[in-house]
Amino acid sequence: MTSGGEHPLKLVVLVKHVPDEAADRLFTAGVFAADLTVDRDGLSCRLSEPDEYAVEQAMRIARRRMDVQICVVTMGPAGAVRTLARALALGADEAVHVLDDALHGSDAQATSRVLAAAVERLGFDLVLCGTASTDSGMSVVPAMVAERLGVPAACEADTVWVGEDEVMVRRDEGTAVVDVAVGMPAVVSVTDRIGEPRYPAFRSIVEARQKTLRTWSLKDLRIPAAEVGLGASATVVRSVTPCAEQRPALLVEGEARGAAARLAAYLTEHQLI
């Protein structure tokens, strides 16, 4: 761990390659059987928006001190390299792509194992990530990674301060504002209140192409293939039901008082209020 400025503060940002929110979901994954996992190769995908806030927070920490090294890590198919390129353009120094066919269908538990192994191999002082991904929204991977690494987790941070050997976070829980301080190394997940991500300049996009991007397999991480992927996952998707493309609309007409009464009756009938 960083001590007394002798070594750079090592920040690892976990990012995820997710389907564009506007894209239709496909649930047959390329060469794999129809196993109801999301076909990321067949969809338009991008860097998960909550993770952009984590990259931005890493950059803000780096701007406040000179001894910071930022590495972004993702686990995903070949196309996930585009997500890493985006994160590098946003300012990260280097990237690691965990790529292995055996990872297909990994649930949160298997994913956390792989990410923790990658973080441990890199070495770290602070792991940053978004509170939840936009495709699953489970919000459990940050805490799982921290548990596997044996370090404290401070989740859903609205503000982050980094000292020499501790990190302090503040979160608004609605009824109270809570301040938490934990020693480093640690894992911190951030909300969208942490600070708006900046759009990368053209020069940053060009420079990102020259930055180091390493690809690691399960063998590199010393994880048996049988312990990840669909077969080793504790959760499984049994069925998928598409949502209606357009929900029926209710048009309330007439004078204000009568229209308000009809609207209130409709909302009450459908248990919306």
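How many aromatic pairs does the structure hold? The count is 0, where a pair would need ring centres of Phe, Tyr or Trp (its six-membered ring) within 6.5 Å.

This is a predicted model, so local features need pLDDT of at least 70 and side-chain atom pairs count only at pLDDT 80 or more, while totals for chains, interfaces and linings use all residues. Residues are numbered from 1 along each chain as its sequence is written, and side-chain values use heavy atoms, leaving out hydrogens and water.

**View 1. Helices α3 and α4 pack at about 55°.** Here α3 (residues 108-122) meets α4 (residues 141-149), with axes 8 Å apart.

**View 2. The α3 and α4 contact, up close.** On the α3 side, look for A108, Q109, S112, R113, L115, A116, V119 and E120; α4 brings V141, M144, V145, R148 and L149 (contact means heavy atoms within 4.5 Å).

**View 3. R121 meets W216.** The charged end of R121 sits over the W216 ring, 4.3 Å from the ring's centre (CZ of Arg must be within 6 Å of the ring centre and within 35 degrees of the ring normal).

**View 4. A cis peptide bond at P185.** The bond from M184 to P185 has omega near 5°. P185 belongs to the loop between β10 (177-183) and β11 (186-190).

**View 5. E156 has a positive phi.** Although not a glycine, E156 has phi of about 60°. You'll find E156 in strand β7 (residues 153-157) (strands are DSSP E runs of at least two residues, helices H or I runs of at least four).

Notes: Axes are lines fitted to C-alpha atoms, for helices over the stretch in contact, and angles run from 0 to 180 degrees between N-to-C directions. Rings of Phe, Tyr and Trp (its six-membered ring) pair if their centres lie within 6.5 Å; planes under 30 degrees apart count as stacked, over 60 as edge-to-face and the rest as tilted.
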